[in-house]
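Student: Could you take me through this structure? I would like to begin with the overall layout and then turn to single residues.

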Amino acid sequence: MVGRPENIMTIINNFNEYKSFEGQMIGTSEWHLIDQDQINRFAEATLDYQWIHTDKLRAENEGPFKSTIAHGYLLLSLIPYLWKQIADVRNVKMEINYGIENFKFGQAVPVDHEVKLQATIRSVTNLKGTVKVIVQAKLLIKDQLKAAYTGDVIFLYHFL
């Protein structure tokens, strides 16, 4: 599979340019630190206070990871933020996060670890003016071989 150099912003102006990246790994985001404050704010926002995420002492003493870990859905919610570091899709009047498919969590992300998104364009389809893009999203963990997750994100674009 042909790929582009990491950490270079990909600029996409229209359907044909998007289509030219089909099948390619187009880049990675910058590293993002998952700290306890972010985990706690996510727990507050989602009302998910499971101790493995929020109780540092209990997680260290009873948990399999010996520290708190990020919520899986916190890691998924980072996709739009990290995607914007990889691709600048221009000339769009509307962009929709349409769905996610085939996501598998491979490894927990302990607190104070860094993650980055690696994006591969799986398919680009013009549906009568709406462009459907399926991006394979892989969340890498710094200094780890196994990804936190891998799955497909579906975006819809309405170009000007």
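Predicted model: local features only at pLDDT ≥ 70, side-chain atom pairs only at ≥ 80, totals over all residues.

Student: How many helices and strands does the protein chain have?

Tutor: There are 6 helices and 8 strands; helices (H or I, at least four residues) and strands (E, at least two) are DSSP runs, numbered from the N terminus. Their order from the N terminus is β-α-β-β-α-α-α-α-α-β-β-β-β-β.

Student: And what does the C-alpha trace span along its principal axes?

Tutor: About 55 × 30 × 25 Å. Of the 160 residues, 43% count as buried, where buried means under 20% relative accessible area, exposed over 50% and partly exposed in between (1.4 Å probe, protein chains only).

Student: Now Thr130. Where is it found?

Tutor: Thr130 belongs to strand β7, which covers residues 130-141. Its relative accessible area is 15%, so Thr130 is buried.

Student: Which side chain does Thr130 join in a polar contact?

Tutor: That of His158, at 3.4 Å. A polar contact is a pair of N or O atoms within 3.5 Å; within protein, one must be able to donate a hydrogen and the other to accept it, and residues adjacent in sequence count only if both atoms are side-chain atoms.

Student: Changing topic: is Leu145 buried or exposed?

Tutor: Leu145 is exposed, with a relative accessible area of 94%. Leu145 sits in the loop between β7 and β8 (149-159).

Student: What about the rings: how many aromatic pairs are there?

Tutor: The count comes to 6 aromatic pairs. Rings of Phe, Tyr and Trp (its six-membered ring) pair if their centres lie within 6.5 Å; planes under 30 degrees apart count as stacked, over 60 as edge-to-face and the rest as tilted. One of the pairs is Tyr18 with Tyr157, tilted, at 5.3 Å centre to centre and 50° between the planes.

Student: Which parts does that pair tie together?

Tutor: Tyr18 lies in helix α1 (residues 15-19) and Tyr157 in strand β8, so the pair ties together parts 139 residues apart in sequence. Tyr18 is buried at 0% relative accessibility, and Tyr157 is buried at 0% as well.

Student: Which residues do ring pairs link into a cluster?

Tutor: The cluster consists of Tyr18, Trp83, Phe155, Tyr157 and Phe159.

Technical notes
Residues numbered from 1 in each chain as written. Heavy atoms only, no water.
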